[in-house]
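Let's take a walk through this structure together, one contact at a time. Have the sequence and the 3D view open side by side.

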Amino acid sequence: MIKLIALDLDGTFYAGRTLGIPDSAWAAIEKGRAAGLKFAVCTGRPQGGHGLAYARRLEPEGPHIFNDGASICDAWGNPLHAEPLPRLQEIVAVARKYRLPFDLMGALGGRYYEADLMPPELLTHIEITGVEARSARFEEVRETLVRLWFVVPDLGLWEAVKPDLALPEVDLAEYLSPREVITGVIKKGVTKLSGLRWLAEYYGISLEEMAMIGDSHNDLEAIREAGLGIAMGNAVEEILAVADYVTGHVREHGFAQAIEYVLQYNQELVGP
């Protein structure tokens, strides 16, 4: 029996700037809650902003996962668990040495960048999540920092820098485009799956009693290990290969279909 549904945001629940959150998705959430299901955001987005607003509407009394498991907070942004990013002073020193733009995520929802390293055109990229980015030197930040993002337009420079960031205590998650490389740096072993394990302990349930809905590489472990792993129709091939069920595209009511599938799954377990 599925008791909790964890959901990725971008490409799963959020259908892009034009469509936003489809009305069918909110209707499905209400139907699921009426049937006794709990919900939790499980996103790579930083804590706060639009993601926290969605969390508050989804499950106002429960915890939610941000920063790919590095920070967990309640629906009002109060921190419940954090995984501090190790070797951060060394990582920032590498960024300064090579003049790499970066921003830092805090366990209290803060987001920070160093103004002399951040071109103005990249600030819009940073602030798209609705989390206010503030200019501050790393040494000035008093908040526990859980994640760093590099945004590097020069792909050749990034390849030259990567060996300096090959630290055993951290993981690098790269997202490449023709224009830039965006790389998240996080404590090794911290993932959405580790976030789900924390939620399981919090609620007193097992992973088998959870469903995970997602579409991208950072959802892979959680989808594979959850009791029900559901891939969106627009998911990457690796997700499609491990999912228990593939629903429609995020822009074609795929999320609502996923909730219907979970409800049907539970009903079949209960029987007539």
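**Starting from a salt bridge**

The side chains of K31 and E260 come together in a salt bridge, with 2.8 Å from N to O. Keep in mind that you're looking at a predicted model. Why might two such side chains team up? Side chains of opposite charge can pair when their charged atoms come close. Here K31 belongs to helix α1 and E260 to helix α9, so the pair ties together parts that sit 229 residues apart in sequence. Searching the whole structure turns up 20 salt bridges.

Now zoom out to the two helices themselves. Two packed helices are described by the angle between their axes and the distance between the axes. For α1 (residues 23-34) and α9, that angle is about 20° and the axes are 8 Å apart. An angle under 35 degrees counts as roughly parallel, so α1 is roughly parallel to α9. As for handedness, α1 passes α9 in a left-handed crossing. On the α1 side, the contact is made by S24, A25, A28, I29, K31 and G32, while α9 brings F255, A256, I259, E260 and L263.

Next, helix α1 has another partner to look at. Its axis and that of helix α2 (residues 49-58) come within 11 Å and cross at roughly 40°, and α1 and α2 are therefore oblique to each other. W26, I29 and R33 of α1 make this contact with Y54, R57 and L58 of α2.

Finally, follow α9, which covers residues 254-270 and includes L269. Together with M1 and V270, L269 forms a nonpolar patch on the surface, with about 290 Å² of accessible area between them.

How values were computed. Residues are numbered from 1 along each chain as its sequence is written. This is a predicted model: local features need pLDDT of at least 70, side-chain atom pairs count only at pLDDT 80 or more; totals for chains, interfaces and linings use all residues. Side-chain values use heavy atoms; hydrogens and water are left out. Patches are made of residues with over 30% relative accessible area and no salt bridge: like charges are joined within 9 Å, nonpolar side chains (Val, Leu, Ile, Met, Phe, Trp, Tyr) within 5 Å. Accessible areas come from the Shrake-Rupley method with a 1.4 Å probe; for residues, only the protein chains shown count as cover. A salt bridge is a side-chain nitrogen of Lys or Arg within 4 Å of a carboxyl oxygen of Asp or Glu. Helices (H or I, at least four residues) and strands (E, at least two) are DSSP runs, numbered from the N terminus. Axes are lines fitted to C-alpha atoms, for helices over the stretch in contact, and angles run from 0 to 180 degrees between N-to-C directions. Angles under 35 degrees count as roughly parallel, over 145 as roughly antiparallel, 65 to 115 as roughly perpendicular and the rest as oblique. A crossing is left-handed if the near helix is turned anticlockwise from the far one by less than a right angle, and right-handed if clockwise. Contact means heavy atoms within 4.5 Å.
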